[in-house]
Amino acid sequence: MSATGSETTTDRPIEHPRVGLFVTCLADIYRPNVGLAAVALLEKVGCSVEVPQTQTCCGQPSYNNGDLAGAARTARNTIEAFEDFDYVVVPSGSCAGMLHDYPRLFESEPGWQQRARAMAGKTHELISFLTDVRGLDAVDASFARAVTYHDSCHGLRALGIKEQPRRLLASVGGLELRELNDSEICCGFGGTFCVKYPEISGRMVADKADAIAATGAKVVLGGDLGCLLNIAGRLGREGGGVSVYHVAEVLAGMADVPGLGDPPGSGGRSR
Amino acid sequence: MESLSHAFKERSVHALKDETLQVALNRAKDGFAVKRAKAVEGLPEFDALRDRAVAIKNHTLENLDHYLERYADAVERNGGKVHWASSAEDARRIVVEICRAAGAKMITKGKSMVGEEVGVNGALEGAGFEVVETDLGEYIIQLAHEPPSHIIVPAVHKTRGQIADLFHENHQKYGLTRKLSEVPEMVNEARQVLRSKYLEADVGITGANFLIAESGTSVIVTNEGNGDLTCSLPRVHIVTAGIEKVVPTAEDATTLLRLLARSATGQDLTTYTTFSTGPKRADDTDGPEEYHVVLVDSGRSTMLADQFREMLRCIRCGACMNHCPVYGAIGGHAYGWVYPGPMGSVLTPLSVGLKEAGNLPNACTLNGHCAEVCPVRIPLPDLLRTLRHREYQLKLGLKPLRWGLAAWVWFTSHPRIYRLGTRVQARMLATLAGRKGRFTRMPLAGGWFKGGRDLPAPQGETFMAVWTRRQKERGQ
């Protein structure tokens, strides 16, 4: 649980909370299956899931490139779309972390800052929401493969997500988790960093791919699509037959589609 | 030191292609991180110590004028002299004047980052003095005529073979003609060369890890003992230090010392911790006759007054760069100035300007590893983001990026148009990728592919489209 996330999550848990799913722009465009998996998991833990149609992006591209006014504009849109829910759940540690940072964007607008703070207080990354808020410790899914797991930096360091996905993965039938050496080292995505400094970013993701290869696992899981697109892009270039999925797809039993960047209809290149 | 930070992009690409450098960087990789982790594990109160260190530093910075005056008074009371240098130029001039007045020929130096920052060596050599670095790493890069590439391991970018060549080339004049290959042999040879320099030197210059206000003491940490010999053998000892190095008491200094070596090298303490307090007293058997302290501001008081004050807590341990994956990939020289890695990416633009060093705060993935290990909890990613904000406000960044961001913000605040745009984009990309499922190139997205990676294609429909359809079906 995040430091700011205590308001609605202590004492009496809500039995059937209304959850607003912030699907994130990358999942929306690249990987709708992640959104569907998130809905399935949330419904399993008794949530009533709604998807506000006016949601767009979390504003991180502007925030991290110094355009704070632009980020605030995007943030207002998100706040208006989500502030009425019991919880806001995001299948990305990075975007959830951004929502937690919204109050910083409104230092000179107390009204908006109050609203941003209230929303940040009930915003959670998907997997940690399932475990820490809804008390889930096992899922009803099977995935008979050896997998490895990359800890995305923002989830890990801003939100303390490390053990939660592992706890749930341990309950997946047939799944063998092979820990990744340097799993806490950045993959080199970094939002616009990856296109501003492609050579450095490329070296970092090549190192990540080497570490993945060393595990011998043919599937990589993670909780952030930005990192996963980067890793899948590198693994695809290397052609080593390693598939990449968002951890929610596996936990929801919905990893029966091709991995990120695998040919459509292949059901994963690595069978 | 002159900045080459404007050429960061070219220098980083060059570094990635430099095979020898990559060998050196790979060898150094993990070493310090693993050692630090072990040291921290062995000290349960490490986090409490960090909190204490932050409190000490914050308190001192809030009352910096007071503690600097106390420190200066104590130094003068002990018979030393304090010189205030508001700029790098002042600092160089003051050091040269002291050496001239002392009638010096030979000057030995302990490792000092502020010395590198203000360019002491160049000024002294320009004025005709012989200057010898006595820290082994600094000695190596002095022979190579290079700046340090790391703040605690200045020659970390050099391989053993390169060092053997440098010694072979430079030590023949001392009659040491054998080409060496083993590390202990090389260390011994350097020691042999340096020993005579210590004895010959008229002036010894050291930096300071801490300045203790209550007693006027300067503290340095070394692993080679070179600092002791540099400050106690010559006739004149000059301490050069940034004004942020002052702490109120010896107790405070020891709190910070417990964090410093553990964060830096994973040692509980460095081999030597040297305290020097003024010149030789009447009944002392040895020590310098003159004791000078040059207190360098050079932009620090400006930092104190604005939103970068927290950076002045930095105790120069190097943990941030030891854990930075960007530093690990390119090494320190690519950054182009004295301080590399995360702390350097904050300090450099503040010292040489954002126009010159604008790349540095941007060349970071904001992964947060540096802040996680910083012993004085400097929020480095936040400071880097603040610099990006300043750059954006000054309109110094890339124009196409500004336009792109403005367009994206407009899209994200017009949800209906955004919905339509994303649907078209997802469908179009999936169709174009066809049965391959990914792109190996794409117009206008060259940056992505330059990183040696493909781009996975979208599944085809956006989530919002799938969801809307599903809701309709559920409703029926």
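1. In this predicted model, helix H21 of chain B is largely enclosed by the rest of the structure, because 10 of its 14 residues are buried. Those buried residues are B:Leu380, B:Pro381, B:Leu383, B:Leu384, B:Arg385, B:Leu387, B:Arg388, B:His389, B:Glu391 and B:Tyr392. The list thus includes B:Arg385, B:Arg388 and B:Glu391, residues that count as charged.

2. The length of H21(B), residues 380–393, is consistent with its residue count: at 1.5 Å a residue the 14 residues should span 20 Å, and the end C-alpha atoms are 20 Å apart. After the helix comes B:Lys395, with a positive phi near 55°.

3. The domain assignment of chain B lists domain 1 (1–42 + 325–397), domain 2 (65–301) and domain 3 (399–475). Taken over C-alpha atoms, the centres of domain 2 and domain 3 of chain B are separated by 56 Å.

4. Between the chains, 54 residues of chain B are in contact with 61 residues of chain A. On the chain B side, at least two residues each come from helix H1 (8–17), helix H16 (325–330), H21, helix H22 (399–412), helix H23 (415–433), helix H24 (446–450), strand E12 (455–456) and helix H25 (463–475). H22(B) gives the largest share, six residues. By class, this side of chain B has 27 nonpolar, 16 polar and 11 charged residues.

5. Which residues touch the most other members of the largest nonpolar core? In this core of 214 residues they are A:Leu99, A:Leu251, B:Val95, B:Leu256, B:Val346 and B:Leu380. B:Leu380 is also one of the buried residues of H21(B). Leaving out residues up to four places away in sequence, A:Leu251 touches A:Leu41, A:Val139, A:Ala141, A:Leu168 and A:Val172. As background, nonpolar side chains tend to be buried together in soluble globular proteins.

6. In chain A, strand E5 (residues 146–150) is mostly covered, with four of its five residues buried. E5(A) runs parallel to strand E6 (residues 176–177) of chain A, joined by two bridges; here A:Ala146 has A:Glu176 as its bridge partner. E5(A) also pairs in the parallel sense with strand E7 (residues 219–222) of chain A, over four bridges. In that pairing, A:His150 is bridged to A:Gly222.

Key: Residues are numbered from 1 along each chain as its sequence is written. Chains are lettered from A and ligands numbered from 1 in the order in which they are written. This is a predicted model: local features need pLDDT of at least 70, side-chain atom pairs count only at pLDDT 80 or more; totals for chains, interfaces and linings use all residues. The expected span of a helix is 1.5 Å times one less than its number of residues. A residue is buried if 20 or more other C-beta atoms lie within 10 Å of its own, exposed if 12 or fewer, and partly exposed in between; C-beta atoms are placed from the backbone. Two residues are in contact if their C-beta atoms, placed from the backbone, lie within 7 Å. Two strands pair if DSSP finds at least two bridges between them. A nonpolar core is a set of buried Ala, Val, Leu, Ile, Met, Phe, Trp, Tyr and Cys residues joined through C-beta atoms within 7 Å. Domain bounds come from an automatic or database domain assignment.
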